Amino acid sequence: MLKSAWQDILKQIVNRGWGLSWTIFGQLAYFLGVAVGVKLLTSYLGPRAFGVMALGLTVAGIGNLVFYGPFAQAALRFYTVCEKDGWLDRYFSTIVRYLRVSTVSVVALAAGLSAGVFLLMGEEGAGILFFSLIFLAASGVSVVQVAIHNASGNHRTVAVIQGTEAWARVVFAMTGILLVGPTATVALAGYATASVCVAVFLWRRLRQSVREVGKVLEAHGAANQVITRQMVGYAVPFMAFSVFGVITSFGDRWMIKLCCGLVEVGVYAALYQVAYAPLVILSNAITQVFLPLVYRHAGDGSEAVNLRRARNAHWKVLAAAGFCLLGWVVVTYVLGEPLLRLITTPEFAQSYGLLWVVASGGAIFYFGQFLIFEGLYKLQPQRYVFSKALHACVFFLTSWWLLSGGQGVYGVAIASIGGGGAYVGAILYANASSQTRDVRLRFPIPSRFESGKQ
């Protein structure tokens, strides 16, 4: 049976053809860009300034996690259903409206808050906040557009953009550092500039490749209220997840700053990027290539046979992902020191014994992320709110306990393993105890909503 499952996986990989090939190419380019970026930025900035930059990036990360990420999940999930029912024009109307409102709001917030911070904290604090928020707006717009390209099968565009953006951040950041000086503000300005360029390119590409977007912009049509409610309703549980995700994804750096200082934040941030880069690559590959495949199998969730097909595809992806996650942890344990010396500097490589611990926590967390696909294709994301809350609570309490006991950065890494274990256990319980009756998608079928279609 296992052999047959792997044969099916290989068959699907072959069938995905160029889409998977482009995804692999893009993720390799992304990994190399991240590696070169870590090497150069740690060399020029040092632990303290790199730590300040890492804290600045948490602002953008939190905003993406709370506002743009959930809507990107809805955009990815609902594309197939809207395409099938002929509602792509209304689908894109909703997305265009969301991106316009969110971008204007974030830019206005950046200008207002930065002015206030300038008066209170000076130029450095204001610059870090301003460029972090600009980076948030640009990268958030890109996240939603990437989700659309993935859903529509434009894997080449996504691959080129992801690889290019990773390198563009390095180029713009290093150009600023060499011309202006090695500060966290300059590096963040480079990141923000690169993301703005990528967001503009993606927007132009989306208008060219998907004709419905151009029609929406030309018609200046309002978003369809039915579709908007469905997409927002699907995204709301992800927003609830993000409240807890803020603690587990970004709280570690702030706790380390409070207990250990900025130098330790810089060291931890560098190890975190090295440990998590392959995990992010794996997650991107699965989300971009295989998750849309699972969604296509599931359809609108109205037929049991479609859900069985989606379940089988999910299990095969889960088996392959688990093998890759375990393999990466082994690599970081065996080759931690030479890997860090290659990607960072000797000052950072002294903490090589921590790398595999950080990688272990990340691997467990991402395995949990892949487990929740079951609820996503069944349109039941709300079933994982408790799992996310438990993850955040276990991680936060364990981190503070170990930090208070003098364990430092190592204690935070251990806490990520404990929190990840609780997370996976809670997800397995939620999947096993879920209702046998599948929740079907209450989405606009043309026969039901003819009166609202123009």
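I looked up the lining of the second largest pocket in this predicted model, and its residues divide into nine nonpolar, two polar and two charged. (Nonpolar covers Ala, Val, Leu, Ile, Met, Phe, Trp, Tyr, Cys and Pro, charged covers Asp, Glu, Lys and Arg, and the others, Gly among them, are polar.) A note for myself: on a 1 Å grid over the protein atoms alone, a pocket is an open set of points where a 1.4 Å probe fits, with protein on both sides within 12 Å along at least five of seven lines, and lining residues have an atom within 4 Å of a point.

Which residues lie nearest its centre? I found Val52, Met121, Gly125, Ile128 and Trp254. Helix 2, helix 3, helix 4 and helix 8 each supply at least two residues of the lining. Helices here are DSSP runs of H or I with at least four residues, numbered from the N terminus.

Next I checked helix 14. It has 20 residues, which should span 28 Å at 1.5 Å a residue, and its end C-alpha atoms are 29 Å apart, so the two agree. (The expected span is 1.5 Å times one less than the number of residues.) Ser387, His391 and Phe395 are among its buried residues, where buried means under 20% relative accessible area with a 1.4 Å probe, protein chains only. The buried residues of helix 14 pack against helix 8, helix 12 and helix 15.

Two housekeeping notes: residues are numbered from 1 along each chain as its sequence is written. Local features need pLDDT of at least 70, side-chain atom pairs count only at pLDDT 80 or more, totals for chains, interfaces and linings use all residues, and side-chain values use heavy atoms, leaving out hydrogens and water.

Methods. Buried < 20%, exposed > 50% of the residue type's maximum accessible area, 1.4 Å probe, protein only. Contact = heavy atoms within 4.5 Å.
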